[in-house]
Each structure stands twice: as structure tokens, then as C-alpha cells.
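Here is a short briefing to read alongside the model.

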Amino acid sequence: LQPVMILTVAVVFLIVSIVMLTDFLLLLSWYFRYKSFSVEETYHPFISILVAARNEENTISLCLQSLIDLNYPKDKYEILVGNDQSTDATASILKDWQSKHRNIKVYHIDERLGSAKGKANVLAHLTKEARGEFFFMTDADCVVNPSWLKALLGAYNNNVGIVVGITDVNSVWQGMDWLFALGMIKALHDLNNPVVAMGNNMFVTRQAYEAIGGYESIPFSITEDLELFKQVKKKGYQTRHVASAESAILTNGISGLVNLLSQRKRWLRGAIQLHPAIVFLLLMQALYYPALTVLFFFQWPTAILIFVSKALLQGLIVNKVAQTIRRPKKVSHMVLFEFYQSYVALVSSVYFLLPFSLKWKDRKY
């Protein structure tokens with residue numbers, strides 16, 4: 001058994017080392033390669049804001065109010081909301097908002113366009129009605145910053161097709177989880193390795209969107225923002241990632257463990273479509289906690305030291321991102337975050353491998 005034990009420990013140390021080194025380099029990127037963009041105060045192109053809504057009676061009003069309150073000329077943007085066959089009071093709430101605000105337009109989506117389904121289908125319909133040069137996208141459970149439009153526009157130039165912002169979650173643990181993940185994505189972007197968009201906080205130019213033929217013409221994906229991102233990059237457009245208080249938005253957390261695991265399974269399905277190098281790093285992240293568990297049985301003092309070191313690295317990344325978007329997190333929460341993430345990571349990995357169909361917004365995929 002001795003050779004097997006030696007090999008096992010060697011593999012474990014390799015996985016742990018790759019993960020620790022990756023986190024450390026991404027943290028350094030935040031300090032030494034961070035790219036910022038100024039808020040554009042004078043550039044006011046006409047903008048179409050697209051919102052897909054399905055059974056959002058509890059959140060849609062807060063979202064629309066934040067969009068109405070945007071610090072942007074009122075005659076320079078429109079808000080297009082697609083009611084995706086809601087079975088609650090969403091339709092009547094939207095009707096009321098439309099009657100009170102001229103720049104809110106509501107469309108009831110009942111038919112499919114091309115290969116698009118779900119949220120992608122709603123957005124495909126809305127872009128047909130949109131008049132703007134830019135398609136800004138957010139979700140019906142999000143609240144945007146008043147300077148959201150200007151902040152993302154500050155990263156635009158003629159070669160850019162997509163600009164992405166950072167989203168925080170109004171849930172302690174999910175919020176930190178999102179900031180850690182998005183912090184890594186921002187760091188990779190600033191290292192000229194853009195990997196993904198953020199469907200509730202982004203814009204795509206009309207030119208880039210029409211160049212790929214729209215959602216109805218690209219392959220369907222449950223992670224529609226990632227597929228859009230990939231297709232726009234294939235056409236040669238550049239992308240930008242903005243991390244600032246002005247560009248950050250707030251979304252609701254997922255309630256219930258099963259719903260949270262379904263969200264993670266949806267993300268993982270998209271993640272395996274990324275560049276092989278990124279998939280490898282994500283695989284190492286997924287194997288980190290199982291590897292650390294194995295190491296604990298062989299060398300528990302070393303395993304504990306690594307656990308604490310990783311927690312420190314993650315805490316520093318989360319803290320840096322939170323400070324950048326001016327949404328500070330409590331130190332006590334950051335100390336405990338590692339335990340939350342280890343639990344969710346292990347359970348999510350198992351759930352991803354189970355042969356369950358993916359249910360999202362009351363639909364199976």
C-alpha cells in the first residue's frame with residue numbers, strides 16, 4: 001500500500017498547489033493588473049434595456065423603479081420587458097407600470113424564435129422591438145445603480161461588442177460566493193483571458209448582436225449569456241469587464257438548497273464549454289475540497305494549514321472586490337465563508353453528476 005499512499009498524497013498536493021497558486025496569482029492581478037474605466041458623463045446614445053420576466057411579482061416593481069430612476073436622459077433610453085408566460089400577477093403589475101411610464105414597453109412572449117428557448121427567446125423577441133444602439137440586459141429581480149448605464153458605457157469603444165459588470169447578492173453567503181467567482185472572472189479578463197458574460201449585468205452592441213444573427217440563430221444554451229459571449233468573441237469583437245460601485249447591481253439570493261444546486265448545475269453546464277485551460281482550472285477547484293479531505297486523513301496538520309491559507313486568500317479576494325464596488329462584507333463572515341463554500345462545492349459536485357433533468361424557472365431542460 002505504500003506506493004499507493006505516496007501516489008495519492010502526491011496527486012492531492014498537486015491539486016491543492018494548483019488551486020492555491022491560481023488564487024494567489026488572481027489576487028495579485030487585482031492589485032497590479034486591475035483595469036478601471038471612468039464613468040462617461042457626456043456620451044448619451046439611445047439605449048434599450050431588456051428585461052425577461054417570468055413569475056416575478058415579488059421583485060419586478062423594485063427592478064423597474066431602479067430603471068426609471070437611472071441618471072440618464074429620459075428621452076435617451078427605453079425599458080422593454082418580456083412577460084414569459086407568467087402564471088402569477090406579473091402581467092397585471094407590468095400593465096400598471098406601462099400605463100404610468102412612457103418609456104416602459106411590455107411584450108407578452110408566447111412563441112419561439114428559431115433555436116431560442118426560455119430567457120434567450122424572450123430577449124430575442126425584445127431585440128426585434130428595440131430601437132437602441134446598445135442592448136443593456138438585467139434580470140427582473142435586480143436593482144441597478146443610478147449610474148449603471150454611464151458606468152458600463154465608459155468601457156465602450158468601436159471595437160467592443162460586450163461590456164460586463166459585477167453583481168452582488170443580497171444574501172451573506174451567496175453574495176460572498178458571487179464576489180469571489182466574479183472577482184476571479186474580472187482578474188482573468190484583465191489578464192486578457194475573458195471567459196464569460198454576466199446575463200443580469202451587461203450590454204451588447206446592436207452591431208455585434210446582429211452580426212451573430214441574434215439569439216434565435218445561435219446554439220441554444222441554458223447559460224444564454226455565455227453562448228452570446230462566445231459567439232460575439234468569434235466575430236472578432238472585444239469585451240470589457242467593469243468593477244465599480246457605479247456599475248454594480250444587486251440581485252436576490254436563491255432560496256432553498258435544491259434551487260441553489262439547480263443554479264450551480266446550470267452554471268457548471270456552461271462552464272464545461274469554456275476554453276480547456278479554464279475548464280482544467282475549474283476542475284482543480286472542484287477537486288480541491290475532496291483532495292483536502294483525503295489529505296486530512298494522512299497529514300491533518302498540513303491539511304488544516306492549507307485550509308486556513310486558502311480561506312485567507314479567498315477572503316482577501318472577496319474583500320478586494322467588495323471594497324471596489326463599495327459593498328463591504330463583515331470580517332466574521334469572511335472567516336466562516338470557507339466552510340460555506342466547501343459544503344456547497346462538495347454537494348454541488350455530487351448533484352451535477354446525478355442524472356436529474358435541470359429545472360429552472362419552472363421549466364425542465
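Which residue in β10 is the bridge partner of Cys142? The partner is Thr251. Please keep in mind that this is a predicted model.

**The open sheet**

- Three strands make up an open sheet with mixed pairing, and their order is β5-β10-β7.
- The edge positions belong to β5 (142–144) and β7, each of which has a single partner strand, so one side of each has no neighbour in the sheet.
- On average, neighbouring strands here are turned by 25 degrees against each other, direction ignored.
- Three bridges hold β5 to strand β10 (residues 249–251), and this pairing is antiparallel.
- Helix α6 packs on the sheet, where it touches β7 and β10. The direction of α6 makes about 160 degrees with that of β7.

**A parallel pair and its crossover**

- Strands β2 (residues 77–83) and β3 (residues 104–108) run parallel and are joined by five bridges.
- Within this pair, Leu80 of β2 has Lys105 of β3 standing opposite.
- To get from β2 to β3, the chain passes through helix α3 (residues 90–100), giving a right-handed β-α-β crossover.
- Lys105 also takes part in a network of salt bridges that links it with Glu78 and Arg131.

**Nonpolar cores**

- In soluble globular proteins, nonpolar side chains tend to be buried together.
- In this model the largest nonpolar core contains 76 residues. Leu50, Met137, Ile162, Val204, Tyr215, Leu228 and Val232 have the most contacts inside that core.
- Leaving aside residues up to four places away in sequence, Leu50 touches a set of residues including Leu80, Leu123, Leu126, Phe135, Phe136 and Met137.
- The contacts of Leu50 also include Thr127, Ala130 and Thr138.

**Salt bridges**

- Side chains of opposite charge can pair when their charged atoms come close. How many salt bridges does a search of the whole structure find? The search finds 14.
- One of them joins the side chains of Lys128 and Glu216, at 2.7 Å from N to O. Lys128 sits in helix α4 (residues 118–129) and Glu216 in the loop between α7 (206–211) and α8 (224–234), so this pair ties together parts of the chain that are 88 residues apart in sequence.
- Asp168 counts as buried, with 3% relative accessibility.
- Arg264 and Asp177 form another salt bridge, with their closest N and O atoms 2.2 Å apart. This pair connects helix α9 (residues 257–271), which holds Arg264, to helix α6 (residues 172–190), which holds Asp177, across 87 residues.
- Buried or exposed, what is the setting of Arg264? Arg264 is buried, with a relative accessible area of 13%, and Asp177 counts as buried at 8% relative accessibility.

Key: Residues are numbered from 1 along each chain as its sequence is written. This is a predicted model: local features need pLDDT of at least 70, side-chain atom pairs count only at pLDDT 80 or more; totals for chains, interfaces and linings use all residues. Side-chain values use heavy atoms; hydrogens and water are left out. A salt bridge is a side-chain nitrogen of Lys or Arg within 4 Å of a carboxyl oxygen of Asp or Glu. Helices (H or I, at least four residues) and strands (E, at least two) are DSSP runs, numbered from the N terminus. Buried means under 20% relative accessible area, exposed over 50%, partly exposed in between (1.4 Å probe, protein chains only). A nonpolar core is a set of buried Ala, Val, Leu, Ile, Met, Phe, Trp, Tyr and Cys residues joined through side-chain atoms within 4.5 Å. Contact means heavy atoms within 4.5 Å. Two strands pair if DSSP finds at least two bridges between them. A crossover is right-handed if, with the strands pointing away from the viewer, the path from the first strand over the helix to the second runs clockwise. Axes are lines fitted to C-alpha atoms, for helices over the stretch in contact, and angles run from 0 to 180 degrees between N-to-C directions.
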